[in-house]
Amino acid sequence: ALKALGVRVALDDFGTGFSSLSYLQRFPFDKLKLDQAFVAGLETSRQSRAIASATISMAHALDLQVTAEGIETEIQAAFLVSRGCDELQGYYFSKPGAIDQLKLALKDKDFMPVSNDAPLIPFPKSLGKLA
């Protein structure tokens with residue numbers, strides 16, 4: 001019923017706690033949110049890199065978008081972009097702020113859309129543009 005109203009549904013904190021792999025078969029998700037626990041280890045852990053890469057590939061094979069949570073470094077962002085992650089969020093781009101701050105920041109030409117349905121977020125020039 002929610003989907004008929006145009007509501008999009010995301011599976012948050014994928015890979016931890018109650019976000020079971022079986023939920024992908026039971027519920028009509030549109031998006032999978034890769035938990036920051038895996039993002040935090042991208043720079044040092046082969047296992048985190050393998051899990052992030054496999055999760056992105058699996059989600060895309062299921063026609064789901066992927067949002068990675070907790071991006072804090074350029075290395076994390078670059079790795080996820082190179083693996084085709086659809087959206088990135090985290091302090092690397094911006095800390096939470098008031099709406100007035102966001103309105104001012106959106107006027108800055110260093111901001112760009114990361115996806116068609118996402119708001120503009122700061123995206124470091126050193127990473128180039130997402131295609």
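Student: Where is K33 found?

Tutor: This is a predicted model, and K33 is found in its strand β2.

Student: Is K33 buried or exposed?

Tutor: The relative accessible area of K33 is 18%, under the 20% cut-off, so K33 counts as buried.

Student: Which residues does K33 touch, leaving out those up to four places away in sequence?

Tutor: K33 touches A10, L11, D12, D13 and F14, and also T67, E69 and Q89. Another residue to look at is V66: its C-alpha lies 5.8 Å from that of K33, although the two are 33 residues apart in sequence.

Student: How do the elements of the protein chain run from the N terminus on?

Tutor: The order is β-α-β-α-α-β-α-β-α-β-β. That gives 5 helices and 6 strands. In the protein chain, 45% of the contacts with a separation of 6 or more are between residues 24 or more positions apart.

Student: How should I read a nonpolar core?

Tutor: In soluble globular proteins, nonpolar side chains tend to be buried together. Here, 35% of the 131 residues of the protein chain count as buried. The largest nonpolar core has 22 residues, and I71, L80 and L88 have the most contacts inside it. At least two residues of this core come from each of β1 (10-14), β2, α2, α3, β3 and α4.

Student: What is I71 in contact with, leaving aside neighbours within four places in sequence?

Tutor: The contacts of I71 are V39, Q76, A77, L80, L88, Q89, G90, Y91, Y92 and F93.

Student: Which residues of helix α4 are buried?

Tutor: In α4, which spans residues 74-82, the buried residues are Q76, A77, F79 and L80. These residues are on the same side of α4, because they cover an arc of only 165° around the axis.

Student: Where is D63, and is it buried or exposed?

Tutor: D63 is in the loop between α3 and β3. Its relative accessibility is 71%, so D63 counts as exposed.

Student: How is a pair of aromatic rings described?

Tutor: A pair of aromatic rings is described by the distance of the centres and the angle of the planes. In this model the count comes to 2 aromatic pairs. One is formed by Y23 and F27, with 5.6 Å centre to centre and 80° between the planes, and is edge-to-face. In the pair of F27 and F29 the centres are 5.9 Å apart and the planes are at 65°, so this pair is edge-to-face. Y23, F27 and F29 form one aromatic cluster.

Student: What does the side chain of S45 reach?

Tutor: The side chain of S45 reaches the backbone nitrogen of S48, at 3.0 Å. S45 is in the loop between α2 (36-40) and α3 (46-61). With a relative accessible area of 17%, S45 is buried.

Student: How should I treat parts of a model where confidence is low?

Tutor: Where pLDDT is low, the predicted coordinates should not be read in detail. For the protein chain, the mean pLDDT is 80, and 79% of the residues reach 70 or more. Over residues 113-131 the pLDDT is below 50, and this stretch has 43 contacts in the model beyond near neighbours in sequence.

How values were computed
Residues numbered from 1 in each chain as written. Heavy atoms only, no water. Helix = DSSP H or I, 4+ residues; strand = E, 2+ residues; numbered from the N terminus. Buried < 20%, exposed > 50% of the residue type's maximum accessible area, 1.4 Å probe, protein only. Polar contact = N/O pair within 3.5 Å; in protein donor to acceptor, adjacent residues only side chain to side chain. Phe/Tyr/Trp six-rings, centres within 6.5 Å; stacked < 30°, edge-to-face > 60°. pLDDT = per-residue confidence, 0-100. Contact = heavy atoms within 4.5 Å. Arc of directions from axis to C-beta. Core = buried A, V, L, I, M, F, W, Y, C linked by side-chain atoms within 4.5 Å.
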